[in-house]
Amino acid sequence: MENQNVDRDVKAAIKKNWRLFKQSKIGITGLIIVIFFGFLAILQPLLFLTNIWDEATYHPVVGYDAEKISRTVVECPDQYPTKEYPTREDCPRVDEVNIRYLKAFGIEAEVGDSYESNVQPAPPSSRHLLGTDSLGRDIFSQIMEGSQVAFLLGLISAIIGVGISTLLGTAAAFYGGKLDTYLMRQSDLVLMLPTLPFLFIISAFAELKVWHLAIVLGTLGGLGGTVITIKSQALQVKVKPFVDSARITGGSKRRIMFSHILPNVAPLALLYMVFSVTGAIASESVLSFLGLLNIDMSWGIMIYLSQTEGFIFTGLKYWWLIIPAGLAVTLLAGGFYLVGRGLDDVFNPRLRRR
Amino acid sequence: MLVYTIKRFFEMVIVFFLFLVISYLLFNAIPGNAFSSLLLNPLLPPEAYQKTIEAFGLDKPLFERVQLYIINFFKGDFGYSYTYYPRTPIDLIAERLPRTLMLFSIVNVVAFYTGFLVGKILAWRRGSKSETWITIGSVFSYTVFYPWFALMMLWFFGYKMDWFPLGKFLVPEKWYDSPYASDEIFYTLILFTTISSFLLFLVFIFTRNIESLQKRRNARLFGLIILASLATMYWTNGEAALKRFYAADIAYHMILPTFTVTLVAFAGTALLTRTTMMEVLKDDYILTARAKGLSQKRIRDRHAARTALLPVVTSFIFTIITIIDGSVLTESIFSWPGMGQLILEAVVQEDIPLAMATFSFIGILALIAHFIADISYAFLDPRIRIKAEN
Amino acid sequence: MSDLLEVKNLSMHYDTLDGNVDAVKDISFSVKSGESFGLVGESGCGKTSVAMTLLQLQPDNSVITEGSIKLDGKELIGLSENDLRQVRWNSISIVFQGAMNAWNPVIKIGEQIREAMREHYPENSKQENIDKINELFKMVGLDETISDRFPHELSGGMKQRAVIALALSCNPKIIIADEPTTALDVVIQDQILNEIKKVQDLLGLSLIYISHDIAVIAEMTDKIAVMYAGSIVEIGPTQAVFESPKHSYTKALLDSTPSIRGEKKKLQSLDGEPPSLINEIIGCSFSPRCPSPSSSCKNQSVEMGLIEVGKDHFADKCCSECV
């Protein structure tokens, strides 16, 4: 009976909050971005399952596709700039091939001919929507794989982190005393720990997999500053009349903590969870970008590869190697941040306009 | 104020000891005992091996090893670097630390100030079209994936436009026949920056008590002109004139990193300043200030922005670690040979003593930055200052 | 004596999402130099809006539709922000409602006062300004050391006294006191009132005293205007209004205030609430709450407007008919 009531209350609360959230343009924009990437993450296994994509061609790590495209044969000038090519890097263009290059391989051709060959990295085409990388792997499939990694990591670390900080924060507020002092000093310490060098060191001496990293990030986040914020929120709830009345009617400490204080801290915890996803995604990308993570594919690794193979400095010529991955990290991290801002409007009455 | 500072200082010292112990335990807990296995590093001659064992007491129980580590830390003894043998970690850090500090402080002062300025203007011009666009831009730069963005900047300004060098500390060709070591020039540069900012600070302090606003502005302008001409005199005379060419080369290498970090880091400050300042602008004392007939600029700068600064500084204290993380990345992307690059290098080469030493020093850096921000916060907010004194 | 401040047919509304809120409707009054003028009415009747308009400090969403405010013969409406800055504080200054928050928490009291003086007397030396502040502090009964204190170090009463010193710092000709004592306890309230009165006599200032407390107004002012729902319903010499109130709202106000002198009588409370200012009000705005409305008043056929009921004593024509 009581459970049904609680259920109905929860449903009503969710409905009301959703209505408030809907009014936040920022939050909705973020949610659309997050859903888009969630869709990408789910789409890839489906494409493999239904055999629309075959794994040999489209697998993000071991796939290979030698795409033949035809390019115009041109002769690159010795002196730059010329009318057509402002700098040395602009010749040949993506759809052109330098005649000297062909001659070096003993292929006879005339300027103006069209020359058909395997190209890697291949520019976007109908077969490969975002082209292929230097090993002939499909970029779009890699983006989807990276999306899975980002969601997996972001959500696991956020759940762990927020779980820890909610429990500790509530406990610190509820029991006070030595436990409180200890937890606060501990989070001070974690707050002052240089995270990135710390992760460097861990990743250097242990082969870090995605879920290892998720646990480490979650724990660090959970022990750090969030505990302080959750605790202050729990302290505000603790002095509310309904907690007193629960105590007077003989509720046990644990029951009060779990059924009265925790539910009231939950919205704030949710908010922090969303914000910490942003941080986790960025951390993973940074570590993969520096080549310190032991995983096969992620957005960070895509940027790492395009940098180490020198494509970054070709500018926009090989844009599909550089732009999509970086944009994906930016957009998804930004999407979660925007959702967090939207939730902030809902849960933070001080900012609420209506 | 003094009491408060001392109190915070002692708290910091305690946290620092805890940090040392934990960082030692961390290294100790690495699977397969990183110390013993990596001591078999072939780059290390037997006597260095012996010395490292002794220095870290690797044959003693854990408690004694922690004690030894702390003692060694204060002696500045971390054994030998594996990769740079026979140089010691402390030697390497002494070379790299000033470079990091210089870049770190300049970058952050510029980024923080820009962010504060932009946020202030955004709040002041509420509802204008430029506000919307700047806000969207700020959100983008707040969420952009930093290494990627930095690489794009490096490509565009360093490679495509060729306005700035592609990272690094200096152009080796220019230094080929240089009579000066690069560090010597760099120290001159640091000294120059420190002294001129100190003099600038003095000018502002001494002109504070001039009652007439007009006269105060003139006095400050005059002071600035004098400082500028002093600086010109310094760089055109004597030895400094010879050093100028090399100093300019180093300074030139700092522009792009500073610019890039500013573009990314100003946004957080700007967005927060905007929110807090919009709240402050609703306060009654802003109305009082307007009723007093103060100028718009003075209300904005002296009353609204000054109070809005407080929460911004608080959040700055909380994000110092993020900033330090950011400078580690900046250094590795722009190949700036500082502490961040050193620790990355040490980690990749599995150079344990060097990694430990660098990690501890970065930790101290974080602590000191935290401490300074904390004290300056108390200085800005008289309510805290007075509470702490009683 | 000539009129120092002359307000004529002033109307102002706030532009809100729910529609226009007519906060000030066709208000006229004048204040002579050295005179004290009281503005009384219940919360939300537009008193503070009038005060803000006098200083041209009304919020951004307010629109002045018509009327003029002349200070010393100079029109204030339409003046640029820079020209207004010259007028503010050294011609007309204000003691705000809830002066607790009138101080910036991070700047010393003395500096906040000197700041205003610097703006209006740029030639003064620092010592001159400090001397002046000390003199003012003495006048309002404060210690000289207050200058070096931060606002949160002072009690509410001290802050309020300092606000009065602040309002006097640039030798204004007229001071607006907008419910200056609301947040204070009764004893302090009385001291502050005495302080204001003393200072006004001493410096020969004009005073506009705004309050919901008609008893305080009676004590403080020579002339009084009663406001209801954005309009003045009765205006005249304080004594005349108190002795023979003509508007039934004024009567209701007086009946709801205890009097120390005179016979004991039961306090009357007024039922109902003031009308919403968003909807246009036809006829007398007070008629729905009027204890004894006339028939023409009830069917809202009479337009509002003041008519003379005694020497310098005006009341709204609708209600003056009922009497």
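Which residue takes a positive phi just after H2(A)? A:Asn51 does, at about 60°. This is a predicted model, in which local features need pLDDT of at least 70 and side-chain atom pairs count only at pLDDT 80 or more, while totals for chains, interfaces and linings use all residues. Residues are numbered from 1 along each chain as its sequence is written, and chains are lettered from A and ligands numbered from 1 in the order in which they are written. Helices (H or I, at least four residues) and strands (E, at least two) are DSSP runs, numbered from the N terminus.

**Helix H2 of chain A**

- H2(A) covers residues 25-49, 25 residues in total. From first to last C-alpha, H2(A) reaches 36 Å, close to the 36 Å expected at 1.5 Å a residue (1.5 Å times one less than the number of residues).
- At A:Leu43, shortly before the proline A:Pro45, H2(A) has a kink of about 25°; the bend is the angle between axes fitted to the seven residues ending at a residue and the seven starting there.
- The buried residues of H2(A) include A:Gly27, A:Val34, A:Phe37 and A:Gln44. Buried stands for 20 or more other C-beta atoms within 10 Å of a residue's own, exposed for 12 or fewer, and partly exposed for anything in between, with C-beta atoms placed from the backbone.

**A:Ile312**

- A:Ile312 sits in the loop between helices H12 (299-308) and H13 (319-347) of chain A.
- A:Ile312 counts as buried because it has 20 C-beta neighbours inside 10 Å.
- Leaving out residues up to four places away in sequence, A:Ile312 touches A:Ser306, A:Gln307, A:Ile322, B:Leu151 and B:Trp155. Contact means that the C-beta atoms of two residues, placed from the backbone, lie within 7 Å.
- A:Ile322 is ten residues from A:Ile312 along the chain, and their C-alpha atoms are separated by 6.6 Å.

**Chain B as a whole**

- Chain B has 17 helices and zero strands, and its C-alpha trace spans about 80 × 55 × 40 Å along the principal axes.
- Of the 390 residues in chain B, 35% are buried.
- For chain B contacts between residues at least 6 apart in sequence, 73% join residues at least 24 apart.

**Contacts between chains**

- Two pairs of chains touch, and chains A and B have the most contacts.
- In the A and B contact, chain B gives 34 residues and chain A gives 30 residues. H16(B) supplies the largest share of the chain B side, seven residues.
- That side of chain B divides into 27 nonpolar, four polar and three charged residues. Ala, Val, Leu, Ile, Met, Phe, Trp, Tyr, Cys and Pro count as nonpolar, Asp, Glu, Lys and Arg as charged, and the others, Gly among them, as polar.
- Between chains B and C, 23 residues of chain B are in contact with 30 residues of chain C. H12(B) makes the largest share of the chain B side, six residues, and by class this side has six nonpolar, nine polar and eight charged residues.
- Chains A and C do not touch, and their nearest C-alpha atoms are 12 Å apart.

**A helix pair in chain C**

- Helices H3 (109-120) and H4 (126-139) of chain C pack at an angle of about 115° with their axes 10 Å apart. Axes are lines fitted to C-alpha atoms, for helices over the stretch in contact, and angles run from 0 to 180 degrees between N-to-C directions.
- The contact is made by C:Gly110, C:Ile113, C:Arg114 and C:Met117 of H3(C) with C:Asn129, C:Lys132 and C:Ile133 of H4(C).
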